[in-house]
Amino acid sequence: MKDLKIIITGYEAAPFYKRGGLGDVMESLPKALVGIGVEARVVIPYYNDIKEKYHFGKVGEFAVSFGLKTEHLGIYSSVLPNTKVLFYFLQNRKYLSLSRAKNKTKRMVQFAFFDLAVVSFINYLGKNHKWHPTVIHCNDWHTALIPLILKKMGLKISTILTIHNLLYQGRGSLKVLDLLDIKDQEAKALKRGMPASEMNVLGEGIIHATRVSTVSPSYAKEIAQTKHDHNPISPFLIEREHEGLGKYGKIIGILNGIDYDVWDPAKDELIFHKFDINSWKVGKKDNKDDLLKSLGLENRPTFCFVGRMATQKGLGILIETIKRIAHLNINLIILGSGDLRIEANVLKMAEKFPWVKTELLYSEELAHKIYAGSDFIVIPSRYEPCGLIQMIAMRYGTIPIASKTGGLKDSIANGKNGLLFQKGKSIRLKKAIRHALNIQKDSVRYEKMVERAMRTDFSWKKSAVLYKKLYEDMIKSTLTSTSV
Ligand code: ADP
């Protein structure tokens, strides 16, 4: 068996650049893999946001042909702080400076360029460092063209595409293919189920990757069975699911974990008071007192919401529920940013109800303080591929009240370490909130629930072992077949 050498690539990676759960995963998965003896390295773009903060040293350069031009790339490198995980950052002023290019077409072009750069970089690593990856682990649409580019170049390296959120697919102009010098006939499946003028980058990944996975077993089932609102990608996924294991079919669901070095109330420098399972009663009370004081809220049962302001996150349901629970004498703290329309609606609620406090921003520090100082976290997602906030909250002794869907369903045991309610129904959420308040009044029951939540094992080790098995399985399949 060949040694496992894994390249993990994607749009973001904490602590260098993070905007959502993918950023957490791109930090903690490689760290956990290296921890169990797998050689995993990470490649992400060297955005200006990263460059200005970290000033890494340049370790090499290479060039690619993109469209009719030759583009030069700088290679920068660093280890993940306090680990042996090697990170590479690819720099190109024209395409990779901005973390968020101005429009959809620009973003598609940007990541087509990045994907080509990653493949060329792999060649560079082989030639210059004699380091040949055995598996390339792509994440979401941003890196979903890598399997197709590898095939076009005749490179037989196994690829896995992990879908962190099916909503974001990279749909747009076929121009991207010209830039990559990929002819339509080389990507015959391209035009299926969509207008001929459009391509679907994630769809390409689903078709061409050796294996496809997602971030929880329940979400894997959900996306392989249901036709998501006539989602153009459904037929590809369903086909993949039914190919049969011999041809590497089936969409695999591996639940994400959280990094216990980052999310640990006993060591967290960002919270007001550190605590652990033995001191949580005092610790959480002190954190709550300081949090409420800093936000100008009275001492009451405190619920929170942390997350992107996106339709997926169910803020519409939360807003409906706020109107229904005005009489309950609680606090609700909302931290998030994103869709301006949703932000405005949330702000209206905060203006109307003094017990609702909203911070429309992205703040790591405040997020940590809110996890530590709240009693409950509300997660009304319409769907949730995995979700990390419920795991983080539980680690900090904050009970999740979450929609029964996807990874929320897979990580919360209803009535034991949290509460689940039927998704999409504000009346159900209201009921769950009342239920939570009743549980809190019964101190024996509440304390048991908090302690069960804090003890639930969401460490990455279990999942890293599953990924390792999957990589090994992919390599075996590659060795016994002529193509990947
Ligand atoms: P998603 O990946 O869909 O955004 P997850 O629950 O998987 O949702 O992960 C969200 C991650 O982003 C968590 O680490 C959470 O703490 C963080 N996060 C989300 N919104 C904010 C915010 N406004 N400020 C700070 N951290 C945030």
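Where does Pro15 lie? I looked this up first. Pro15 sits in the loop between β1 (5-9) and α1 (21-35). I was working from a predicted model.

I then checked the peptide bond at that position. Ala14 and Pro15 are joined by a cis peptide bond, with omega about 0 degrees.

Next I went through backbone angles. Asn82 is not a glycine, yet its phi is positive, near 60 degrees. I placed Asn82 in the loop between β4 (69-79) and β5 (86-91).

Lys130 belongs to the loop between α4 (104-129) and β6 (135-139). Lys130 has 7 other C-beta atoms within 10 Å and is therefore exposed.

I turned to the ligand. Which residues come nearest to the ligand? Out of 19 residues around the ligand, these are Gly20, Gly21, Ala367, Leu388 and Ile389. I listed the elements that give two or more residues to this shell: α1, α13 (364-373) and α14 (389-395). The largest share is from α1, with three residues.

I sorted the shell by class and got nine nonpolar, seven polar and three charged residues. I also looked at domains. Domain 1 (5-257 + 461-479) and domain 2 (280-455) each supply at least three residues to the shell around the ligand.

Definitions and conventions
Residues are numbered from 1 along each chain as its sequence is written. This is a predicted model: local features need pLDDT of at least 70, side-chain atom pairs count only at pLDDT 80 or more; totals for chains, interfaces and linings use all residues. Helices (H or I, at least four residues) and strands (E, at least two) are DSSP runs, numbered from the N terminus. A residue is buried if 20 or more other C-beta atoms lie within 10 Å of its own, exposed if 12 or fewer, and partly exposed in between; C-beta atoms are placed from the backbone. A residue is near a molecule or strand if its C-beta atom, placed from the backbone, lies within 6 Å of it. Ala, Val, Leu, Ile, Met, Phe, Trp, Tyr, Cys and Pro count as nonpolar, Asp, Glu, Lys and Arg as charged, and the others, Gly among them, as polar. Domain bounds come from an automatic or database domain assignment.
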